[in-house]
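Here's a quick tour to read with the model open on your screen. Have a look at the sequence and the fold, then work through the points below.

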Amino acid sequence: MYVSDAMSHEIITITPSATVLEVAALLVNTRISAIPVIDEQERLVGIVSEADAIKHIVLGNNAHKDGEPRHRVSDIMTAKVDAVEETTPLKAAIELMIGQRLKFIPVCRAGKVVGSQQTLPNDVYNSSCGAKGVNCPED
């Protein structure tokens, strides 16, 4: 089984120049926990999470200056992104997500986002028992 068998094919992305408030609205409206950040060539350059946006909004770090939002996605995104290819074995992706405590992982083809894996379906979780670092409950 490969990542392509379990991933979401819906592609939601944002650019580094978008405002923190724009990304927060997108996170709320799409009900996802993170959004891949892409450049003009649609290459993955970062990721911005709910926590990234909330931290800046709640802490008041997004005050407007001269009518412009103070922070952009490029200011709060994580540039080092854990991502997988469609052809990555699903077990390896699960190990990565669990090992890095990721709720969301972009799926790429040749550096471009083609989908995501946000949660582990029960059947995928159950089939992963025995994967390195996966502690499954006793039946």
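Leaving aside its neighbours within four places in sequence, which residues is valine 48 in contact with? The list is Ile14, Val23, Ala34, Ile35, Val37, Val73, Ile76 and Met77. Keep in mind that this is a predicted model.

**The cores**

- Valine 48 belongs to the largest nonpolar core, which has 14 residues.
- Val48 is listed with Ile14, Val23, Leu27, Ile35 and Val73 as the residues with the most contacts inside that core.
- Helix 2 supplies the largest share, at 4 residues.
- Another core, of 11 residues, lies apart from this one, and its members include Ile94, Met97, Val107 and Val114.

**Helix 5**

- Helix 5 covers residues 90-100, and its buried residues are Leu90, Ala93, Ile94 and Met97.
- Why do these buried residues line one face of helix 5? Looking down the helix axis, they fall within an arc of 100°, so they share one face.
- As background, an α-helix has 3.6 residues a turn, so residues three or four places apart point the same way.
- Just past the end of helix 5, arginine 101 has a positive phi of about 55°.

- Strand 6 (residues 105-109) has 4 of its 5 residues buried, so the rest of the structure largely encloses it.
- On one pairing, strand 6 runs parallel to strand 5 (residues 84-85), joined by 2 bridges.

**Aspartate 52**

- Aspartate 52 sits in helix 3 (residues 50-58).
- Is aspartate 52 buried or exposed? Its relative accessibility is 14%, so it counts as buried, the cut-off being under 20%.
- A polar atom of the aspartate 52 side chain lies 2.9 Å from the backbone nitrogen of serine 49.
- Beyond its neighbours within four places in sequence, aspartate 52 is in contact with Ile47, Ile76 and Thr78.
- Ile76 turns up in the contact list of valine 48 as well.

Definitions and conventions. Residues numbered from 1 in each chain as written. Predicted model: local features only at pLDDT ≥ 70, side-chain atom pairs only at ≥ 80, totals over all residues. Heavy atoms only, no water. Buried < 20%, exposed > 50% of the residue type's maximum accessible area, 1.4 Å probe, protein only. Arc of directions from axis to C-beta. Core = buried A, V, L, I, M, F, W, Y, C linked by side-chain atoms within 4.5 Å. Contact = heavy atoms within 4.5 Å. Pairing = 2+ DSSP bridges. Polar contact = N/O pair within 3.5 Å; in protein donor to acceptor, adjacent residues only side chain to side chain.
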